[in-house]
Amino acid sequence: MIDQRPQPPKLFTVEEANTTLPLVRAIVSDLVRLAREVVERRQRLSLLSTGRDAQIRDFYSEELEQIEEELDKDSRRLQGYVEELRELGVEPKSATDGLVDFPTIIEGRMAYLCWKFGEPEIRFWHDVESGYRGRRPLPTHLMAGSCHQQGGESE
């Protein structure tokens, strides 16, 4: 019989998160690019559809249907990128901004190592409750080269 209980998240040290970062960066790069395109196309589609009677078939109906089908396909691709990140143990937070969190233990409690697309390495963290707005620089003893987090070991 397969154990169906939820598994605790993978916990990362700063060193492990930075080691995983090249793969995360590649996935997030694709995620950000596609997410921004999808948002832009959805906005254009919304503008084109505003005031149109969906029952009336005209010159643009077929084109609008094709755009909607492409958006659905791209939305499934976006979900695939999100799943890839989750399989690595990383929690995507914003596709368009490229925000991801790496679960960790800091100061004896659950927290997240916080990375944003474009940053060269993990430099920030935040409490579980505070999110991106509460992110702050990593304590010196947790920076690169020192991965002895208080109260936590990774799996």
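This is a predicted model: local features need pLDDT of at least 70, side-chain atom pairs count only at pLDDT 80 or more; totals for chains, interfaces and linings use all residues.
Which residues have the most contacts inside the largest nonpolar core? The legends below take up this question first and then turn to other close-up views.

Figure 1. Residues are numbered from 1 along each chain as its sequence is written, and side-chain values use heavy atoms, with hydrogens and water left out. The largest nonpolar core has 30 residues, and those with the most contacts inside it are Val 24, Val 100, Phe 102, Leu 113, Trp 115, Ile 122 and Leu 138. At least two residues of this core come from each of α1 (14–49), α2 (61–87), β2 (99–106) and β3, and α1 gives the most, with 12 residues. A nonpolar core is here a set of buried Ala, Val, Leu, Ile, Met, Phe, Trp, Tyr and Cys residues joined through side-chain atoms within 4.5 Å; buried means under 20% relative accessible area, exposed over 50%, and partly exposed in between, with a 1.4 Å probe and protein chains only.

**Figure 2. The whole chain and its confidence.** The chain has 2 helices and 5 strands, and read along the sequence these follow the pattern α-α-β-β-β-β-β; helices (H or I, at least four residues) and strands (E, at least two) are DSSP runs, numbered from the N terminus. Of the 155 residues of the chain, 36% count as buried. Among the contacts (heavy atoms within 4.5 Å) with a separation of 6 or more, 52% are between residues 24 or more positions apart. The pLDDT, which is the predictor's confidence in each residue from 0 to 100, averages 85 over the chain, and 81% of the residues score at least 70. Over residues 145–155 the pLDDT is below 50, and this stretch has 29 contacts in the model beyond near neighbours in sequence.

**Figure 3. Helix α2 and its buried residues.** Helix α2 has 27 residues and reaches 39 Å from its first C-alpha to its last, close to the 39 Å expected at 1.5 Å a residue, where the expected span is 1.5 Å times one less than the number of residues. The buried residues of α2 are Ser 61, Leu 64, Leu 71, Asp 74, Leu 78, Tyr 81, Val 82 and Leu 85, and they pack against α1, β1 (91–94) and β2. Just after α2, Gly 89 takes a positive phi of about 95°.

Figure 4. Arg 86 and Glu 83 are 3 residues apart in helix α2, so about one helical turn separates them. Arg 86 counts as partly exposed at 47% relative accessibility, and Glu 83 is also partly exposed, with a relative accessible area of 32%.

Figure 5. Strand β3 (residues 109–116) pairs with strand β4 (residues 124–127) in the antiparallel sense over 4 bridges, pairing being assigned if DSSP finds at least two bridges between two strands. Leu 113 stands opposite Trp 125 in β4. Strand β4 also pairs with strand β5 (residues 136–137), in the antiparallel sense over 2 bridges, and here Phe 124 stands opposite Pro 137 in β5.

**Figure 6. Charged side chains around β3 and β4.** Glu 121 lies in the loop between β3 and β4, and its side chain meets that of Arg 123 in a salt bridge (3.7 Å, N to O). Arg 123 is partly exposed, with a relative accessible area of 37%, and Glu 121 counts as partly exposed at 26% relative accessibility. Salt bridges that share partners join Glu 107, Arg 109, Asp 127 and Arg 136 into one network. Within this view, Glu 107 forms a salt bridge with Arg 109, with the closest N and O atoms 3.5 Å apart. Glu 121 and Arg 25 are 96 residues apart in sequence and 10.0 Å apart in space, C-alpha to C-alpha.

Conventions: A salt bridge is a side-chain nitrogen of Lys or Arg within 4 Å of a carboxyl oxygen of Asp or Glu.
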